[in-house]
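Here's a quick look at one helix and at some of the aromatic pairs. Have the structure open as you read.

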Amino acid sequence: MTFFDALFFSAFHHLKTKYKTKATRLSTIYLTLVQCSFLLFLGVFFSEFLTQMRVNTMSSTKAWSLFIIISIILYFKNWIQYSGKKRRVKNAKVVQNKLGQYSIWTLILLPIGSLFLSILLLKAL
């Protein structure tokens, strides 16, 4: 099971107690947000790195357009992966193996920290 699977099921189990019917949808949105924040951090890092190396790759508008397209693709990939039978099979494996869950604070601070680092890196350089 991957890191993102563990994040999804941790968020799913935390949300299942409050929102029984919307837990899958909210967990999918949460996972997409985490993946997009990591993608943003990597994009800003490589953009600044290539700027320091004086390499012209693409304009800022094209980079933001690419980020939005990849974010939409990530959402649909997560929606397909975690909405049906695959989620039920993986959930059974998680429950059967009794894998540890991340705390709610880790789940909240992970995308916030990644976004903060991305903005800090974007403003600093």
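## The buried side of H5

In this predicted model, the buried residues of helix H5 are Leu107, Pro111, Ser114, Ser118 and Leu121. Helix H1 (3-16) and helix H2 (23-52) are among the elements covering them. As for the spacing, an α-helix has 3.6 residues a turn, so residues three or four places apart point the same way.

## Length and kink

H5 runs over residues 104-124, which makes 21 residues. Still, H5 has a kink of about 25 degrees at leucine 110, shortly before proline 111. That proline is also one of the buried residues of the helix.

## Aromatic pairs

The count of aromatic pairs comes to 12. One of them joins phenylalanine 3 and tyrosine 102 edge-to-face, at 6.1 Å centre to centre with 75 degrees between the planes. This pair ties together distant parts of the chain: phenylalanine 3 sits in helix H1 and tyrosine 102 in the loop between helix H4 (85-97) and H5, 99 residues apart. Phenylalanine 3 is partly exposed at 37% relative accessibility, and tyrosine 102 is partly exposed at 30%.

Then there's tyrosine 75 with phenylalanine 76: their ring centres are 5.7 Å apart and the planes are at 65 degrees, so this pair is edge-to-face. Tyrosine 75 is partly exposed at 28%, as is phenylalanine 76 at 43%. Back with phenylalanine 3, ring pairs link Phe3, Phe4, Phe38 and Tyr102 into a cluster.

Key: Residues numbered from 1 in each chain as written. Predicted model: local features only at pLDDT ≥ 70, side-chain atom pairs only at ≥ 80, totals over all residues. Heavy atoms only, no water. Helix = DSSP H or I, 4+ residues; strand = E, 2+ residues; numbered from the N terminus. Expected span 1.5 Å × (residues − 1). Bend = angle between axes of the 7 residues up to and from the residue. Buried < 20%, exposed > 50% of the residue type's maximum accessible area, 1.4 Å probe, protein only. Contact = heavy atoms within 4.5 Å. Phe/Tyr/Trp six-rings, centres within 6.5 Å; stacked < 30°, edge-to-face > 60°.
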